Amino acid sequence: MSTDDPADRVRSFYHALDEHDYDRLTSLLAPDFVHDRPGLTLDGRDRFVQFMREERPNRETSHPIDAIYRDGDGELAVRGRLLDDDGEEIAAFVDVFGFGNDGIESVRTYTR
C-alpha cells in the first residue's frame with residue numbers, strides 16, 4: 001500500500017506484522033528507522049525487520065487498534081492491544097510514530 005496518509009501507513013504496518021509480510025514492512029520504513037520499546041532499542045530498518053522475522057518472542061500475534069491520535073507536529077499515536085493466537089491480551093500499548101520523506105522513521109512503544 002502506497003499512501004501519504006499516516007493513519008493508513010500505521011494500519012499497514014500492523015497488518016504487515018500480523019501477516020508476516022516482511023517485504024511490505026520493509027517498504028513502509030525509512031532506512032534509518034528506530035524502534036524504542038521497553039528494554040530494547042532496534043536501530044535501522046533491516047535490524048527491526050530481522051528482529052520481527054526471527055527473534056520476537058511470539059510471532060503468532062495480532063495488533064487490534066483501538067484509537068489513532070494525531071498531533072500538529074506530524075506524529076501519530078496508536079492505542080491498541082497485543083493479542084496471542086488465542087485472542088488473549090499479552091499487553092496494551094501506545095505506539096508513537098514519527099514520519100519522514102523515506103517512510104516511518106521511528107516508533108516509541110509504551111506498554112502496560
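**Entry 1: β5 and its neighbours**

I started with β5 and strand β6 (residues 103-111), which run antiparallel and are joined by eight bridges. For my own reference, strands (E, at least two residues) and helices (H or I, at least four) are DSSP runs, numbered from the N terminus, and two strands pair if DSSP finds at least two bridges between them. The model is a predicted one, where local features need pLDDT of at least 70 and side-chain atom pairs count only at pLDDT 80 or more, while totals for chains, interfaces and linings use all residues. Residues are numbered from 1 along each chain as its sequence is written, and side-chain values use heavy atoms, with hydrogens and water left out.

Next I looked at the turn: a hairpin of two residues links β5 to β6, and Gly100 sits opposite Gly103 in β6.

On to β4, which pairs with β5 in the antiparallel sense, again over eight bridges. I found that Arg81 has Ala92 in β5 as its bridge partner. This hairpin has five residues between the strands, and in it Gly87 takes a positive phi near 85 degrees.

**Entry 2: Phe93**

From Phe93 to Arg81 I counted 12 residues in sequence, yet 5.8 Å in space, C-alpha to C-alpha.

**Entry 3: salt bridges**

How many salt bridges are there? I got six, taking a salt bridge as a side-chain nitrogen of Lys or Arg within 4 Å of a carboxyl oxygen of Asp or Glu. Side chains of opposite charge can pair when their charged atoms come close.

One of them joins Asp8 to Arg11, with the closest N and O atoms 3.3 Å apart. Both residues lie in helix α1 (residues 6-19), three residues apart, about one turn of the helix. Asp8 is partly exposed at 27%, and Arg11 is partly exposed at 43%.

I also looked up Asp21 and Arg24, whose side chains meet at 3.6 Å, N to O. For Glu55 and Arg47 the N to O value is 2.9 Å. Glu55 counts as partly exposed, because its relative accessibility is 36%, and Arg47 is partly exposed at 30%.

**Entry 4: the β4-β5 loop**

Last, I checked Asp86, which is in the loop between β4 (76-83) and β5 (89-100). Asp86 counts as exposed because its relative accessible area is 63%.

Note on methods
Buried means under 20% relative accessible area, exposed over 50%, partly exposed in between (1.4 Å probe, protein chains only).
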